[in-house]
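Hi there,

Here is the structure I promised to pass on to you. Please open it beside this email, and then read on for what turned up in it.

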Amino acid sequence: MKIVYKKDFLKSFSSYTRQEQELILEADKQIKLFLEAKFEDVPYGVRIKKIGPNTFEARVNDKIRIIWVKTDKVAYFVLIGNHEDVRRYIKHS
């Protein structure tokens with residue numbers, strides 16, 4: 001599966017502290033493993049859940065979430081943010 005990082009995703013990544021960036025990168029690694037497993041195994045620590053028809057959320061920690069949209073062949077990483085950012089994204093998508 002091809003992975004595409006949207007511009008806003010990459011831009012928001014740089015706004016986090018070094019420690020938070022490391023957590024985000026670890027979650028990103030777990031999400032990729034999840035995508036390669038074709039949704040058979042969900043890593044518990046990342047807490048992945050489906051929030052829309054093709055939209056998924058992964059919890060990095062209590063404050064940080066990663067959102068991606070999956071098509072047949074591509075996963076688009078669209079957002080790194082807090083719970084309110086996720087709610088706004090869902091509302092406007």
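**What was found**

At 25% relative accessibility, D85 falls in the partly exposed class, because that class runs between 20% and 50%. Do keep in mind as you read that this is a predicted model.

D85 has a charged partner: it makes a salt bridge with R88, and their closest N and O atoms are 2.9 Å apart. Both residues sit in helix α3, and being 3 residues apart there puts about one helical turn between R88 and D85. R88 is partly exposed as well, with a relative accessible area of 46%.

A salt bridge joins R87 to E84, with 3.5 Å between the closest N and O atoms. E84 has a relative accessible area of 41%, so E84 counts as partly exposed.

How many salt bridges does the structure hold? There are 6. One of them brings together the side chains of R65 and E57, at 2.9 Å from N to O. Are R65 and E57 buried or exposed? Both of them are buried. These two residues also belong to a network of salt bridges that links K49, E57 and R65.

Now for the nonpolar side of things. The largest nonpolar core is made up of 17 residues. Four elements each supply at least two residues of the core: helix α2 (18-36) and the strands β3 (55-59), β4 (65-70) and β5 (74-81). Which of the elements gives the largest share of this core? That is α2, with 5 residues.

Leaving aside residues up to four places away in sequence, F77 touches I3, V4, Y5, K6, F9, D28, I31, I66, I67 and W68.

Best wishes

How values were computed: Residues numbered from 1 in each chain as written. Predicted model: local features only at pLDDT ≥ 70, side-chain atom pairs only at ≥ 80, totals over all residues. Heavy atoms only, no water. Core = buried A, V, L, I, M, F, W, Y, C linked by side-chain atoms within 4.5 Å. Buried < 20%, exposed > 50% of the residue type's maximum accessible area, 1.4 Å probe, protein only. Contact = heavy atoms within 4.5 Å. Salt bridge = Lys/Arg side-chain N within 4 Å of Asp/Glu carboxyl O.
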